[in-house]
Amino acid sequence: MKPEPDKVKHVAVIGAGTIGSAWATLFLAKGLEVTVYDPAADCESRVRSFIDNALPALKRLGLDDNANCEKLRFVDDPAAAVADVDFVQESGPEQLQAKRDLFAKLETTLPAETIVASSTSGLMPSALRDGRIKPERFLVGHPFNPPHLIPLVEVVGGPDADPAIIDWTVAFYTRLGKKPIRIDKEMPGHVANRMQVALYREAVHLVLEGVATPADVDAAIAYGPGLRWAVMGPHALHELAGGGGGMRHQLEHIGPGMEVWWNDLGRPDITPDTIDKLVDAYQAGKPPSVQELAAERDRLLLALLETLGAARRTDDEAVE
Ligand SMILES: NC(=O)c1ccc[n+]([C@@H]2O[C@H](COP(=O)([O-])OP(=O)(O)OC[C@H]3O[C@@H](n4cnc5c(N)ncnc54)[C@H](O)[C@@H]3O)[C@@H](O)[C@H]2O)c1
């Protein structure tokens, strides 16, 4: 019998690179027992060092009373890792066949009711679970980097999804403090990444066309619409932009002009030449190192999450 989502005690993290390490950190912070499998020789030291760096931020956001780093263990066999767990989060390489092979191994020992969620950025559940004995329990639980901080998780069940399995998974992520959304129809890249790459395509085009530097294109998001997007999505914002007439007025009023821009958007190809031009243009702005950039991202993200978390809690209390 699968436990209720709020009674889960033991989870497995399969694949512990950038994303798996962050999932392991989050699960530990929420008081769960975590078993990790990753074939890399330096896996344990990498994960432990990731946790040491990430824990201060999670402490600020609030650790579970049962959080304890001694609940972390490492095993060298994927089937052994999942043999007695209540939930599996898979974050191995983004290669369809590698994930399929992994799922086949997990299935040999997986408890009958345990769900396996893949962090895949864009592979579809129907392809991932093809050939499994109980395919509907293999689904997508796609986080956003860094998943120990960013709340969104996209839950994709694909065709023939079992609604009870989707409900359980959504409830489990919610219990972890995440913001799961249900994706009703599978598509490559799910929802958020499709929107993200649509924006990135134009960001690349603008730099290649010499319209603005990478730093200014980035500032156009971070200091402009990005601030609004941290609190509301494009549909709600269009409802607001239409004033008293709402979305209908906005679309009738601005829609035709917007269509002209849509038709003018760029379609760059990611060729070696494109990559050279982008990297050179980015480096010309003398950016900080990757480590400095990551520290800055996490510092500002934490401030934003604390502020938004407090404001949303206040809103919820006002509603109650
Ligand atoms: N990096 C991101 O921004 C991001 C965001 C959301 C989702 N994802 C998804 O998460 C998954 C992992 O991405 P990542 O960025 O952490 O990659 P990564 O390269 O940092 O980590 C992958 C890990 O998988 C391990 N691995 C290799 N073979 C394995 C196997 N057979 N079984 C288990 N583990 C194995 C590697 O040793 C490595 O530690 C991918 O599916 C990716 O699409 C990535």
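In which loop is H190 found? H190 lies in the loop between β8 (179-183) and α7; helices (H or I, at least four residues) and strands (E, at least two) are DSSP runs, numbered from the N terminus. The structure is a predicted model, in which local features need pLDDT of at least 70 and side-chain atom pairs count only at pLDDT 80 or more, while totals for chains, interfaces and linings use all residues. Residue numbers start from 1 along each chain as its sequence is written.

## Backbone features and burial

Although H190 is not a glycine, its phi is positive, about 55°. H190 counts as buried because 21 C-beta neighbours lie inside 10 Å. For this classification C-beta atoms are placed from the backbone, and a residue is buried if 20 or more other C-beta atoms lie within 10 Å of its own, exposed if 12 or fewer, and partly exposed in between.

D160 is a further residue other than glycine with a positive phi, near 65°. D160 sits in the loop between β7 and α6 (163-175), and it counts as exposed, with 10 C-beta neighbours inside 10 Å. In helix α6 itself lies D167, which is partly exposed, having 13 other C-beta atoms within 10 Å.

The peptide bond joining N145 and P146 is cis, with omega about -5°. P146 belongs to the loop between β6 and β7 (152-156).

| Residue | C-beta neighbours inside 10 Å | Class |
|---|---|---|
| H190 | 21 | buried |
| D160 | 10 | exposed |
| H249 | 16 | partly exposed |
| P78 | 23 | buried |

## Surroundings of the ligand

The ligand has 23 residues around it, of which G15, G17, I19, S121 and N145 come nearest; a residue is near a molecule or strand if its C-beta atom, placed from the backbone, lies within 6 Å of it. N145 is also one partner in the cis peptide bond with P146. At least two residues of the shell are supplied by each of α1 (18-29), α4 (96-107) and β6 (138-143). The largest share, 3 residues, comes from α1. By class the shell comprises 10 nonpolar, 11 polar and 2 charged residues, where Ala, Val, Leu, Ile, Met, Phe, Trp, Tyr, Cys and Pro count as nonpolar, Asp, Glu, Lys and Arg as charged, and the others, Gly among them, as polar.

## Nonpolar core

In soluble globular proteins, nonpolar side chains tend to be buried together. Here the largest nonpolar core has 51 residues, and V11, A12, V13, A24, V34 and V88 touch the most other members. Such a core is a set of buried Ala, Val, Leu, Ile, Met, Phe, Trp, Tyr and Cys residues joined through C-beta atoms within 7 Å. Helix α1 gives the most to this core, 8 residues.

Apart from neighbours within four places in sequence, A12 is in contact with T35, Y37, A81, V82, V85 and V88; two residues are in contact if their C-beta atoms, placed from the backbone, lie within 7 Å. P78, in helix α3 (residues 78-82), touches I14, Y37, L102, K105 and L106, not counting residues up to four places away in sequence. The C-alpha atoms of P78 and T35 are separated by 9.8 Å, with the two residues 43 apart along the chain.

## Helix packing

Two packed helices are described by the angle between their axes and the distance between the axes. Axes are lines fitted to C-alpha atoms, for helices over the stretch in contact, and angles run from 0 to 180 degrees between N-to-C directions.

The axes of α7 (residues 192-208) and α12 (residues 272-284) come within 10 Å and cross at roughly 80°. That makes α7 roughly perpendicular to α12; angles under 35 degrees count as roughly parallel, over 145 as roughly antiparallel, 65 to 115 as roughly perpendicular and the rest as oblique. V204, V207 and L208 of α7 make the contact with T274, K277, L278 and A281 of α12. These residues divide into 5 nonpolar, 1 polar and 1 charged.

Helix α10 (residues 234-241) packs with α11 at an angle of about 85°, the axes being 6 Å apart, and α10 is therefore roughly perpendicular to α11. Here H238, E239 and A241 in α10 meet G246, M247 and Q250 in α11. The contact has 2 nonpolar, 3 polar and 1 charged residues.

H249 also belongs to α11 (residues 246-264). Its C-alpha atom is 9.4 Å from that of H238, 11 residues away in sequence. Leaving aside neighbours within four places in sequence, H249 is in contact with G242 and G243.
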